Amino acid sequence: MSVTHLRESVGVESTVLTASRAALAGLVVLFAGLHLAAVEVPLTAQAAVYLLGMVALNLPHGGYEHFANLRRRATTFRGTYVAGYLLLAGAFVGLFLLAPVAGLALAIGVAVLKGGGGDLHVLRATTGTSHLRSRPQRLLAVAARGGAVMAVPIVAFPNTFHTFSALMVSMVDPAGLGGVSSYFSVTRPLVAVGYAAVVLAHLGWGFRNRTGDGAWGADAAETTLLVTYFAVVPVVVAVGLYFPLWYSLRQVSRELAVEEPDLGGADLLGGPDADAGGVALRAWGVLVAGAMATAAVAVAFWTLVPSPIPGPNLRLGLVAFWSVFISVVALPHVVVGSVLDRGRGIWHVP
Ligand SMILES: CC1=C(/C=C/C(C)=C/C=C/C(C)=C/C=O)C(C)(C)CCC1
């Protein structure tokens, strides 16, 4: 990667990175303390934290990522992007309705891909990836960092994981998870051993390829922080705060670190000659359009799913609904907005 495409460092991006690391480390200390004091946080309180983190804090950033990606793109590209987005989201909903267990597996996969893929690009733009020299090694990094989000809680909080997985599947088929839950005593140790092997391979391979510029050390420290965070903080709180406090904050840091490419399209905010009032009005328009589009997808999903808020408890049911819904909109986010978008992409690093 050419360093000339990185902005002159003004230190803001490293402050944001430090804030995200401090946030997760602080939560580890808090929940380790609660654990030592034998204080258990009720699931309904965890659900409230999850909903605050995922709906109020994380969702607006997801919308912003699309805006930043499409802001200066050609109109035809924007059209193809939206069409591809709706197609993939629709395919996911179809899968979830026909085979909810496979839909749950895809939702888990999307969370892993978004966390791991996003993190790899942040590394490239900030602390560096000189120790990740091949594609397989970068994929391993995605699996190690993103895998922490789901593999560690499967091992550390199996009962909560099971409860919510069953709730999500029951949005379509109330007894759906029953058919596979007898395998969990086998899959849990497999996930534990498999994920431990991925992390050790990622750290070991990176260590062998380290160049002395500190990139491996930063990666190893952050990977260890992620594993510790998901092992200590109860899963519903952990996932609900990981996306806003780690994923989103670090994407802000990536964006501050890189130069915007000139894509030749008309600027959605009016360009450099627009006056502040005009920019504000256009930003408001974009915000409203984004909010309406997201709400339309949510209402469509709600209408299609037989039991959108499953189970007797409203808050737990809302966590289940939001987890599947956000995965439905995050699948095209990752695939259309990043993997297939070669021009810029939501995780743009020149
Ligand atoms: C399975 C499972 C969960 C799944 C959460 C998912 C699938 C979240 C996806 C988030 C995404 C894709 C965010 C994007 O910004 C919970 C609720 C943590 C509880 C434990 C069991």
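1. Basis. The model is a predicted one, in which local features need pLDDT of at least 70 and side-chain atom pairs count only at pLDDT 80 or more, whereas totals for chains, interfaces and linings use all residues. Residues are numbered from 1 along each chain as its sequence is written.

2. Overall fold. The chain holds twelve helices and zero strands, where helices (H or I, at least four residues) and strands (E, at least two) are DSSP runs numbered from the N terminus. The radius of gyration is 20 Å, close to the 20 Å that the globule rule gives for 350 residues, so the chain is as compact as a globular protein of that length; the radius is taken over C-alpha atoms, and the rule is 2.2 Å times the number of residues to the power 0.38. Along its principal axes the C-alpha trace spans about 60 × 50 × 35 Å.

3. Buried residues account for 38% of the 350 residues in the chain; a residue is buried if 20 or more other C-beta atoms lie within 10 Å of its own, exposed if 12 or fewer, and partly exposed in between, with C-beta atoms placed from the backbone. Among contacts (C-beta atoms, placed from the backbone, within 7 Å) between residues at least 6 apart in sequence, 85% join residues at least 24 apart.

4. Beyond its neighbours within four places in sequence, Tyr-242 is in contact with Val-149 and Tyr-247.

5. Ligand shell. The ligand is surrounded by 20 residues, of which Ala-111, Phe-164, Val-239, Ser-323 and Ala-330 are the closest; a residue counts as near if its C-beta atom, placed from the backbone, lies within 6 Å of the molecule. Two or more residues of this shell come from each of helix H2 (43-70), helix H4 (100-125), helix H6 (158-169), helix H10 (235-257) and helix H12 (314-339). By type the shell divides into 13 nonpolar, six polar and one charged, with Ala, Val, Leu, Ile, Met, Phe, Trp, Tyr, Cys and Pro counted as nonpolar, Asp, Glu, Lys and Arg as charged, and the others, Gly among them, as polar.

6. Annotated segments. An unreviewed UniProt entry lists several residue ranges as "transmembrane region", including 85-113 and 283-304; such annotations may be inferred rather than shown by experiment. Residues 85-113 are 97% helix and 0% strand, with end C-alpha atoms 17 Å apart, and residues 283-304 are 100% helix and 0% strand, with end C-alpha atoms 32 Å apart.

7. Ser-327. This residue lies in helix H12 and counts as buried because it has 23 C-beta neighbours inside 10 Å. Leaving aside neighbours within four places in sequence, Ser-327 is in contact with Ala-107, Val-110 and Ala-111, and its C-alpha atom is 8.0 Å from that of Ile-108, which is 219 residues away along the chain.

8. Ala-38. Found in the loop between helix H1 (12-36) and H2, Ala-38 has a phi near 60°, a positive value in a residue other than glycine. Most residues other than glycine have a negative phi. Ala-38 is exposed, since 6 other C-beta atoms lie within 10 Å.

Note on methods: Contact = placed C-beta atoms within 7 Å.
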